[in-house]
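Visitor: I would like to learn how to read the overall fold and the ligand site of a model like this one. Could we begin with the chain as a whole?

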Amino acid sequence: MQGTEEAVLQKEYIEKLRALYKGKPHAYFIETLGCQMNAKDSEKFAGILQEIGFTEAASERDADFILYNTCTVRENANQRIYGRLGQLKNLKAGKPGLRIALCGCMMQEPDEVDTVRRKYPFVDIVFGTHNIFKLAELMYRRETGDGMVIDVWEGTDEIVEDLPAVRKYPFKSGVNIMYGCNNFCSYCIVPYVRGRERSRLPEDILSEIRMLSEDGVKEVMLLGQNVNSYGKTLEVPVSFSELLRRVAEVPGIERVRFMTSHPKDLSDELIRTIAETPRVCHHFHLPLQSGSTRILERMNRRYTREKYLEITEKLREAVPDISLTTDIIVGFPGETEEDFLDTLDMVERVRFDSAFTFIYSKRTGTPAASMPDQVPEDVVKDRFDRLLARVQAIGQEMSGRDVGKVLPVLPEEINRQDSSMLTGRLDNNTVVHFPGDPKLIGSIVPVLLTESRGFYYIGRQA
Ligand code: 5AD
Ligand code: SF4
């Protein structure tokens, strides 16, 4: 197991904090922004806090420890954090024992840490993405020293896993298979804030999944910024396909998902594996980013529109019922109307089930930030609206294709609007609402899809 010694050390800090907090009421509140990786990290924070003896608070007002797990992939995520921090100032003034911590991708940026230090001196702890396993140690340092504790690492080779974690859902879980990214897409801050690619050992991943399965987990989502290059840097290299096959064999695991893939590394072997391995879900999230080869080149994506089309055609041929989803950026520097029309054309050709569409956001320090020809805001907005309209219309047509069929659904929760209904997902990730007993939550049941309402189905148990 990687990082065992460090885990032992951290467990000692957890014990010290338990003693320190003994007899005092203490509750935590975690706010998570950003992607699945951050969501997974937050489950680890919750695990450590609960091990110390904290309970979860319903709101920030009821909390004694507030943690913001930040994202910095687009500028508006940073602004949201500063807005919320401003509000915490008063809260802390009325409750001096309150501890406020910031972590995650935004804290890997020295300028942001500087801003926090200058404008938000009431913050207690600041750390980044590389030392999340040190939460207890940092909390202990804050309680035994004075003033803000800042511990941001520039990078790391360390992988520390063997610490407690709390799962949001008892029956499904994300599992980190790798950390970091080596791709340096020219618009993206992730390689700078999450560091170089590091894969976990397959034995460690499989033993975590076996433990999860024994604990009632039926669905796992294998997480990494670029899962297709999993295992390349290990002493004994293992391909992502091989890992996927082995994960799908773990007894009790009924669904295996993964996120995110990069088109440049997608192998025929992986396509075969998805087609041949029954428990691997028929859903592929494959970020396109742009449909123009010229822009893809400037983005440093290392594939052409033709290559992307070829992959998606192969995927559909091998797995006809697969659902394809994507990420698209509009307004990348230098994007002309013609480039944008190429993106629209790709949307028409591939026919995605759904797409996350983003307005390009300039990230200081990335190559794209200093490119000439930044596209004017009104032009970007107009393109964004046109793209969204097409993406939604096609998504609606695509997601309705299974009306009348009986398909397996994993119910995840009681419907938020109507408590007589359950909300779950098909193998291909589409949402289904159907009347059902909450006892069904967490077990796969056959559902007749009676009606499609755009992006989701209404159904009834078959
Ligand atoms: N501006 C807009 N969108 C971005 N993404 C990453 N960086 C940026 C940026 N600077 C999008 C990409 C990626 C998704 C997670 O976020 O589409 O796939
Ligand atoms: Fe960012 Fe590109 Fe890495 Fe994805 S593959 S995290 S977009 S650099």
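Guide: The radius of gyration is taken over C-alpha atoms, and the globule rule is 2.2 Å times the number of residues to the power 0.38; for the 462 residues here a compact globule would have a value near 23 Å, and the protein chain agrees because its own value is 23 Å. This is a predicted model, in which local features need pLDDT of at least 70 and side-chain atom pairs count only at pLDDT 80 or more, while totals for chains, interfaces and linings use all residues. Residues are numbered from 1 along each chain as written, chains are lettered from A and ligands numbered from 1 in the order written, and side-chain values use heavy atoms, leaving out hydrogens and water.

Visitor: What share of the residues in the protein chain is buried?

Guide: Buried means under 20% relative accessible area (1.4 Å probe, protein chains only), and by that criterion 56% of the 462 residues qualify. The C-alpha trace spans about 60 × 55 × 50 Å along its principal axes.

Visitor: Which side chains make polar contacts with ligand 1?

Guide: A polar contact is a pair of N or O atoms within 3.5 Å. A polar side-chain atom of R74 lies 2.8 Å from a ligand 1 oxygen, while side-chain N or O atoms of Q289 and of D327 each lie 2.7 Å from an oxygen of ligand 1. By Shrake-Rupley accessible areas with a 1.4 Å probe, ligand 1 alone exposes 400 Å², of which the protein buries 85%.

How values were computed. Polar contact = N/O pair within 3.5 Å; in protein donor to acceptor, adjacent residues only side chain to side chain. Buried < 20%, exposed > 50% of the residue type's maximum accessible area, 1.4 Å probe, protein only.
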